[in-house]
Amino acid sequence: MNWKIKARIQNLISTLPSEMSYALYYCVQRSLGGLKNFSPVSRLESGIEIWDKIEEQGHDPKDKVFFEVGTGRAPLAPLSYWLMGAKKIYTIDLNPYIKKELLEDSFRYLIENQQEINVLFGPRLQKERFTKLMMLANQPSFSLDEFFKLCDVKYIAPGDAANTPLEPNCIDFHTSYNVYEHIPEPVLSAILREGNRIVKPSGLFINKIDYSDHFAHSDSSISSINFLQFSDQDWSKIAGNRYMYMNRMRHDDFSQLFGSVNQDIVPQEGNTDNRAAETLNHSDFSLDAKFGHKSKEILSIIDSWWVTKPSSA
């Protein structure tokens, strides 16, 4: 879909009363957007990738407590954590976006593709837990509360990740996947400071952040840095709504953010987009002044993993 048309649709829907707006936007996503051909695999993979990052740092995630910022429509990253042996998972969202029908779709997929799931998780899959999940999935009906109880998931929505009800030093791993790019920088700072309070001194923060213009995900006519041409004021008019807000922070901005909240950064390489690098060399592509001082190398990085630790200083 053309990105300008998509932006207009989102802006229009966002003007409706909240309950009506959320319901209509979900219908649009199911019929035309990213939820039309819903598959749980990529969302399960996000949990596996985060587990990988934890193990790369020499930590054993099994029997540990996870905290996820941004549950989304279906709690599939928490399900991944649980299937691999997590002790408990807290998942928090600003609004209660979970749709039971998406979880039901996910269960049907798991039932029909059990061999694929076994290969996806490999030896990490806790077979006893997977069996229990399949027993729940094969019931004629189940409630979200039954799912949460089985998988030791505490769903907090509406919730504020910058002001949680959790006790200090109770979380081993504070995680997010393609969420932080949708949160204003001052709120991110507050979330990370609250994370410092609830994460154990030995814990980790693991965040996958997508810096790209998300309209480029569904419109190949624009590059991943298309939105860097616009001023904050102009971009807010285009995509300042609740469904496509993007803070447009770049790789160096996140580096400064994590440092400002007293977190030590484990060096990670960002993913450079060659098309973005080429776009920056075109004479007809004009960066807004907000980004003009940044290097082409920084501007060409479109996503990155961030692994940070509470500072010992």
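A search of the whole structure finds 1 cavity of 30 Å³ or more. The structure is a predicted model. The volume of the largest cavity is about 30 Å³. Its lining is made up of Glu-181, Asp-210, Tyr-211, Ser-212, His-214, Phe-227, Met-246, Asn-247, Arg-248, Met-249 and Arg-250.

The second largest pocket holds about 280 Å³ of space. It is lined by 16 residues, and those closest to its centre are Asp-232, Tyr-245, Asn-247, Arg-248 and Lys-290. Two elements, H10 and helix H11 (251-260), each give two or more residues to this lining. H10 gives the most, with 4 residues. Asn-247 and Arg-248 also belong to the lining of the largest cavity.

Helix H10 covers residues 232-239, and its buried residues are Trp-235, Ile-238 and Ala-239. Why do the buried residues of H10 line one face of the helix? Seen down the axis of H10, they fall within an arc of 65°, so they sit on one face. The face turned away from that buried side carries Gln-233 and Lys-237, which are exposed. Part of the cover over the buried residues of H10 comes from helix H1 (3-14).

H1 has 12 residues, and from its first C-alpha to its last it reaches 16 Å, close to the 16 Å expected at 1.5 Å a residue. Its buried residues are Trp-3, Ala-7, Gln-10, Ile-13 and Ser-14. They fall within an arc of 130° when seen down the axis of H1, so they too line one face of their helix. The buried residues of H1 are covered by elements including helix H2 (18-31) and H10. At the start of H1, a side-chain oxygen of Asn-2 comes to within 2.9 Å of the backbone nitrogen of Lys-4.

| H1 | Trp-3, Ala-7, Gln-10, Ile-13, Ser-14 | 130° |

Thr-279 is found in helix H12, which spans residues 274-280. Is Thr-279 buried or exposed? Thr-279 has a relative accessible area of 11%, which is under the 20% cut-off, and therefore counts as buried. The side chain of Thr-279 reaches the backbone oxygen of Arg-275 at 2.8 Å. With neighbours within four places in sequence left aside, Thr-279 is in contact with Ser-223, Ile-225 and Phe-285.

Glu-45 lies in helix H3, residues 41-56. The relative accessible area of Glu-45 is 33%, between the 20% and 50% cut-offs, so this residue is partly exposed. How far apart are Glu-45 and Leu-120 in sequence and in space? They are 75 residues apart in sequence, and their C-alpha atoms are 7.9 Å apart in space.

Terms used:
Residues are numbered from 1 along each chain as its sequence is written. This is a predicted model: local features need pLDDT of at least 70, side-chain atom pairs count only at pLDDT 80 or more; totals for chains, interfaces and linings use all residues. Side-chain values use heavy atoms; hydrogens and water are left out. Buried means under 20% relative accessible area, exposed over 50%, partly exposed in between (1.4 Å probe, protein chains only). The arc is that of the directions from the helix axis to the C-beta atoms. Contact means heavy atoms within 4.5 Å. The expected span of a helix is 1.5 Å times one less than its number of residues. A polar contact is a pair of N or O atoms within 3.5 Å; within protein, one must be able to donate a hydrogen and the other to accept it, and residues adjacent in sequence count only if both atoms are side-chain atoms. On a 1 Å grid over the protein atoms alone, a cavity is a set of points where a 1.4 Å probe fits but cannot get out, and a pocket is an open set with protein on both sides within 12 Å along at least five of seven lines; lining residues have an atom within 4 Å of a point. Grid points are joined across faces, edges and corners, and a volume is the space filled by probe spheres set on the points.
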